[in-house]
Amino acid sequence: MQKFLVIDSAVTGAQSVSRKLTDGLVSALAGEEGAVVTRRDVGHTPIPHLTEATVGAIRGAEAESAEARAALALSDTLVAELFDADVIVVAVPMYNFGMPSTLKAWFDHVLRAKVTFQYGANGAEGLLKNKRAIIVSTRAGGYAEGDGAAMDSQEPHVRTLLGFMGITDVEVVRAEKLAFGPEVAETAIADAGHALGRAVRAPLALAA
Ligand SMILES: Cc1cc2nc3c(=O)[nH]c(=O)nc-3n(C[C@H](O)[C@H](O)[C@H](O)COP(=O)(O)O)c2cc1C
């Protein structure tokens with residue numbers, strides 16, 4: 001059995017290219033014996049930003065208020081979904097050169113010291129072992145090569161955050177140049193759909 005956690009983060013509803021790609025993936029997986037899929041749509045149901053009232057509980061302090069307890073409970077749920085998954089598919093539209101803020105809020109709730117990472121004598125260690133991730137990246141412009149690459153604060157940031165929790169086996173499936181005309185967009189989306197299907201079927205690279 002292989003467990004998939006599919007995280008959507010676009011706020012564009014049915015128009016979303018990244019959600020179309022993950023919808024296609026989830027439909028395909030529904031026909032696969034042994035595939036179990038959990039979906040977490042933080043675009044549709046946003047994760048709240050950390051606040052003065054909640055940040056302490058997420059960072060290990062006693063959760064003393066109802067607000068803090070709710071934030072901790074949400075964080076525990078999100079972390080449990082991560083630990084439970086073999087493959088994490090993160091759909092990440094580029095918003096203002098980075099990830100959507102609600103996806104950043106999701107990361108703020110799951111990067112927890114002594115839970116998903118820890119510091120020791122050798123520095124930081126991620127505690128999510130034997131997992132792989134697929135980043136489904138969508139964007140209007142082109143950043144994969146040339147001058148645009150320096151403006152990409154989306155894919156590298158998501159890769160860093162996953163890696164910090166121990167998920168270093170990461171593949172990027174990308175549909176970019178979506179604003180370069182219908183033909184370019186259509187080809188990019190179709191290619192990304194095929195690449196996503198291939199990426200999902202790649203075997204788990206389990207650590208020794
Ligand atoms: C708020 C917002 C900001 C955006 N910022 C950028 C950007 O900085 N660079 C870019 O190439 N595209 C940008 N786009 C375009 C999206 O990346 C593009 O529409 C992509 O398809 C979004 O994924 P989605 O279709 O799943 O929502 C932005 C879109 C929105 C809604």
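Okay, ground rules. Residues are numbered from 1 along each chain as its sequence is written, and side-chain values use heavy atoms, with hydrogens and water left out. Since the model is predicted, local features need pLDDT of at least 70 and side-chain atom pairs count only at pLDDT 80 or more, while totals for chains, interfaces and linings use all residues.

Let's start with the sheet. Five strands make an open sheet, in the order β2-β1-β3-β6-β7, with parallel pairing. When I say strand or helix, I mean DSSP runs numbered from the N terminus: E, at least two residues, for strands, and H or I, at least four residues, for helices. Two strands pair if DSSP finds at least two bridges between them. At the edges we have β2 (35-41) and β7 (169-175), each with a single partner strand, so one side of each has no neighbour in the sheet. On average, neighbouring strands are turned by 15° against each other, direction ignored.

Going through the pairs: β1 and β3 run parallel and are joined by four bridges, and I7 has V90 as its bridge partner in β3. Then β3 and β6, also parallel, are joined by seven bridges, with V87 opposite R132 in β6. And β6 pairs with β7 in the parallel sense over seven bridges; there, T138 stands opposite A175 in β7.

Helices pack on this sheet too. Helix α1, residues 17-30, touches β1, β2, β3, β6 and β7, and its direction makes about 155° with that of β2. Helix α5 touches β3, β6 and β7, at about 160° to the direction of β6. For those angles, axes are lines fitted to C-alpha atoms, for helices over the stretch in contact, and angles run from 0 to 180 degrees between N-to-C directions.

Now, how much of β3 is buried? Seven of its seven residues. Buried here means under 20% relative accessible area, exposed means over 50%, and partly exposed is in between, with a 1.4 Å probe and protein chains only. V87, V89, A91 and P93 point one way from the strand, I88, V90 and V92 point the other way, and all are buried.

That brings us to the cores. A nonpolar core is a set of buried Ala, Val, Leu, Ile, Met, Phe, Trp, Tyr and Cys residues joined through side-chain atoms within 4.5 Å. The largest one has 28 residues, and I88, L103, W106, F107 and L162 have the most contacts inside it. Elements giving two or more residues are β1 (2-8), α3 (66-84), β3 (87-93), α4 (101-110), β6 (132-138) and α5 (155-164). The largest share, five residues, comes from α4. There's also a second, separate core of 20 residues, which includes F4, L21, I134 and V200.

So, a closer look at α4. Seven of its ten residues are buried: T102, L103, A105, W106, F107, H109 and V110. Those residues pack against β1, β2, α2 (55-58), α3, β3 and α5. Take L103: leaving aside neighbours within four places in sequence, its contacts (heavy atoms within 4.5 Å) are I7, S9, V42, V90, A91 and V92.

What about α3 against α4? The two pack at an angle of about 90°, axes 8 Å apart. The contact uses A71, L74, S75, L78, V79 and L82 of α3, plus W106, H109 and V110 of α4.

Last bit, some single residues. D8 lies in strand β1 and, at 1% relative accessibility, counts as buried. Leaving aside neighbours within four places in sequence, D8 touches S18, R19, T22, R39, R40, D41, V42, G43 and A91.

And then the backbone. Most residues other than glycine have a negative phi. F97 isn't a glycine, but has a positive phi of about 70°. F97 sits in the loop between β3 and α4 and is partly exposed at 36%. K114 also isn't a glycine and has a positive phi of about 70°. K114 is in the loop between α4 and β4 (117-120), and counts as exposed at 74% relative accessibility.
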